Amino acid sequence: MNIAWWQLSLQVPADSAAKVEAQLLEAGADAITFLELDTSEALFIEGELWQNSQCQALFAAQNHAEASIHALVNMAGWQNFGASVQALEDQDWVSSTQAQFPARQFGKLWVVPSWDQAPQDARYELHLDPGQAFGTGAHPTTSRCLHFLESHIQGGECIMDYGCGSGILAIAALLLGAKEAYGVDTDPIALQVAMDNAQRNGVAERLRLSLPEATPLPLADILVANILAGPLLSLAPTLAALTRPGGWIALSGILHSQEPGIQNAYAPYFNLAAPQHEEDWSLLYGQRKSGD
């Protein structure tokens with residue numbers, strides 16, 4: 001058996017789901033899915049959580065050993081969550097992914113995997129498959145960012161996607177009318193995946209990708225950062241310095257309980273609006289102040 005993935009399965013109480021998801025992301029999970037126990041239906045329906053749920057997290061075998069997954073379970077205190085670890089081949093991942101990720105609409109924009117199609121009247125289509133540097137728009141944190149871009153891009157902007165992963169936000173911005181986009185990520189593999197996706201969508205010539213320290217970056221008219229609360233806190237001065245006065249910032253990957261800390265960190269630099277919520281996640285956004 002050619003092991004490509006380790007699948008960690010947990011039975012997670014509804015009130016712990018968001019915390020467990022954040023911990024899995026921090027640990028390097030490439031994909032996380034919540035299912036109702038003993039069914040194949042998605043856990044989230046109209047913003048509500050079933051009380052009994054199964055969490056399945058995928059870790060790339062080339063980056064994680066089976067022993068490290070078991071160590072994560074012990075360190076996080078998930079011993080009572082019925083944890084199990086299963087080896088998967090590539091084909092298992094492909095078939096399960098295709099069922100979970102159909103084409104999705106975000107205002108005027110559709111995100112379309114290779115195994116599905118957008119409606120004939122779709123105005124903008126972003127073609128992207130799940131994989132390394134996971135990001136398809138299915139998660140609420142990405143969904144909020146896509147809706148934000150769709151409502152704030154007027155045309156001709158300079159966009160920065162800080163922590164770009166698959167490049168979905170930068171590519172979406174270019175399709176929606178931005179003039180140029182800059183994608184920044186600490187992972188060289190993510191940067192290659194983002195460029196491949198940009199080429200697939202015909203916007204590679206307007207997308208510049210780099211490691212954070214690799215090259216000077218311009219001031220952005222709109223900066224989006226879909227990361228996690230911890231990095232967002234430490235990056236506040238950096239992200240503020242990369243946003244032009246009057247420009248917009250959108251911060252995602254934040255649990256509701258983490259809003260006050262992020263607001264305190266960014267309030268000296270931005271006039272923040274009321275947070276937007278989707279399920280257990282928040283998007284904070286606002287305009288850059290002058291002279292701060």
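Start with the binding site: the unreviewed UniProt entry lists Thr-142, Gly-163, Asp-185 and Asn-226 under that name. Such positions follow the numbering used here, feature names are shortened, and annotations may be inferred rather than shown by experiment. Residues are numbered from 1 along each chain as its sequence is written. This is a predicted model, where local features need pLDDT of at least 70 and side-chain atom pairs count only at pLDDT 80 or more, while totals for chains, interfaces and linings use all residues; side-chain values use heavy atoms, with hydrogens and water left out.

Select Gly-163. Gly-163 sits in the loop between strand S8 (158–162) and helix H5 (168–175). Helices (H or I, at least four residues) and strands (E, at least two) are DSSP runs, numbered from the N terminus. Now show the contacts of Gly-163 (heavy atoms within 4.5 Å). Leaving out residues up to four places away in sequence, Gly-163 touches Val-184, Asp-185 and Asn-226. Is Gly-163 buried or partly exposed? Its relative accessible area is 25%, so Gly-163 is partly exposed. Buried means under 20%, exposed over 50%, partly exposed in between (1.4 Å probe, protein chains only).

Next, select Thr-142. Thr-142 lies in helix H4. Thr-142 is buried because its relative accessible area is 8%.

Extend to all of H4, residues 140–152. How many of its 13 residues are buried? The count is 11; among them are Arg-144, Phe-148 and His-152.

Finally, zoom out. The chain has 8 helices and 15 strands. Of its 292 residues, 49% count as buried.

Methods:
The expected span of a helix is 1.5 Å times one less than its number of residues.
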